Amino acid sequence: MPILKARQKRARNPLDPEEFRAPLVEHLEELRTRLLRIIALLVVGWVAGWYLLPYLYGFLNTAIQNTVKETIGPGRYSEAFRNAPEAFMLKFKLSFLIGLVLTFPLIVIQIWGFIEPGLKPNERKPFRRMAPLSLILFVMGASFCWVILPSAIGWFSGFLNDFNAQLIQEPGTMVFFVLKMMLAFGIGFQLPLIVFALGALGLLSAETLVEYWRQAATFIFIGSAILTPSNDAFSMLMMAVPLVVLFVISVYAVKIVQRKKKPTEEWEDEPDA
């Protein structure tokens with residue numbers, strides 16, 4: 001009898017993953033709900049971006065023009081459209097990109113919200129902290145990009161002095177570049193959360209991360225080259241170097257989490273008396 005009761009107790013163990021895996025239909029319904037929310041967020045962000053565009057564009061474009069003019073001198077920088085419809089298409093694309101930048105943290109929260117119900121109770125606690133951390137890291141990435149972009153733009157513009165040439169480009173070109181870079185940095189700064197999540201789920205160990213740090217660094221540099229829209233070595237280094245630092249921090253975070261999990265797992269694996 002005691003053995004039978006022990007088996008029944010183990011069968012109702014709250015740490016049993018099967019006890020907390022929703023049926024396939026419920027997962028699909030949850031996925032549908034989350035996707036609809038993401039689409040709604042994008043639409044709202046797009047509309048907000050449409051009305052915010054004149055103010056944001058004026059602020060960003062003025063900052064960019066000042067940086068370029070300080071580098072190459074006044075009278076050598078101008079913007080021009082080639083045809084009338086380009087102005088509408090520029091506003092259409094820029095407003096969507098602004099909306100995407102504004103709503104991306106909320107979209108990430110929806111993604112974490114979809115993942116959380118499929119986790120065991122002891123796995124949910126660290127995941128609940130990831131949504132606010134994701135927002136903080138996104139803001140950090142976008143802010144870091146904004147701080148270093150003037151130096152990058154000035155560095156690129158400086159090569160015009162070697163040819164004593166004017167810079168004539170389509171309006172919004174540099175603003176579009178800045179927004180894409182800020183979005184790329186915000187996404188790239190999610191790397192520690194991804195590493196931490198894989199470690200919390202037991203899919204990656206700190207020892208494995210340390211052993212394969214060279215491969216991880218190579219992956220970071222390749223990913224930075226893909227994410228940065230300009231595809232140049234300077235922009236890649238701007239993203240890759242802080243990501244390597246964040247990767248090292250995330251390795252220590254995984255060590256701490258797995259060190260805390262070991263006593264619990266050892267207690268769970270003890271045979272019943």
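Buried means under 20% relative accessible area, exposed means over 50%, and partly exposed lies in between, with a 1.4 Å probe and protein chains only. By that scale Trp146 is partly exposed, at 31% relative accessibility.

This is a predicted model, in which local features need pLDDT of at least 70, side-chain atom pairs count only at pLDDT 80 or more, and totals for chains, interfaces and linings use all residues. Residues are numbered from 1 along each chain as its sequence is written, and side-chain values use heavy atoms, leaving out hydrogens and water.

## Overall layout

The protein has 10 helices and 2 strands. These are DSSP runs, numbered from the N terminus: helices are H or I with at least four residues, strands are E with at least two. From the N terminus, the order is α-α-β-α-α-α-β-α-α-α-α-α. Of the 273 residues, 37% count as buried.

## Aromatic pairs

A pair of aromatic rings is described by the distance of the centres and the angle of the planes. Rings of Phe, Tyr and Trp (its six-membered ring) pair if their centres lie within 6.5 Å; planes under 30 degrees apart are stacked, over 60 edge-to-face, and the rest tilted. The count comes to 8 aromatic pairs.

One of them joins Phe59 and Trp146: the centres are 5.7 Å apart and the planes stand at 25°, so this pair is stacked. It links distant parts of the chain, with Phe59 in helix H2 and Trp146 in helix H5, 87 residues apart.

Another joins Phe144 and Phe189. Here the centres are 6.2 Å apart and the planes stand at 40°, so the pair is tilted. This pair also links distant parts of the chain. Phe144 is in helix H5, while Phe189 sits in the loop between helix H6 (173–188) and helix H7 (191–200), 45 residues away.

How accessible are the residues of these two pairs? The table gives the values.

| Residue | Relative accessible area | Class |
|---|---|---|
| Phe59 | 53% | exposed |
| Trp146 | 31% | partly exposed |
| Phe144 | 31% | partly exposed |
| Phe189 | 4% | buried |

Ring pairs also link Trp46, Trp50, Phe88, Phe92 and Phe96 into a cluster.

Helix H2 spans residues 24–72 and holds Ile39. Ile39 belongs to a nonpolar surface patch with Leu36, Val43, Val47 and Tyr51. Together they have about 510 Å² of accessible area, computed by the Shrake-Rupley method with a 1.4 Å probe, with only the protein chains shown as cover for residues. Patch members have over 30% relative accessible area and no salt bridge; nonpolar side chains are joined within 5 Å, like charges within 9 Å. A salt bridge is a side-chain nitrogen of Lys or Arg within 4 Å of a carboxyl oxygen of Asp or Glu.

Helix H5 covers residues 130–157 and includes Pro150. Pro150 is partly exposed, at 37% relative accessible area. Its C-alpha atom is separated by 7.4 Å from that of Ile64, 86 residues apart along the chain.

H7 is mostly covered, with 8 of its 10 residues buried. Among them are Leu191, Val195 and Phe196. Gly202 follows H7 and has a positive phi, near 80°.

Helix H9 (residues 213–227) has 15 residues. From first C-alpha to last, H9 reaches 20 Å, close to the 21 Å expected at 1.5 Å a residue; the expected span is 1.5 Å times one less than the number of residues. Which residues of H9 are buried? They are Ala216, Ala217, Ile220 and Ser224. Seen down the axis, the buried residues of H9 fall within an arc of 100°, so they line one face of the helix. The arc is that of the directions from the helix axis to the C-beta atoms. On the other side of H9, Arg214, Phe219 and Ile226 are exposed.
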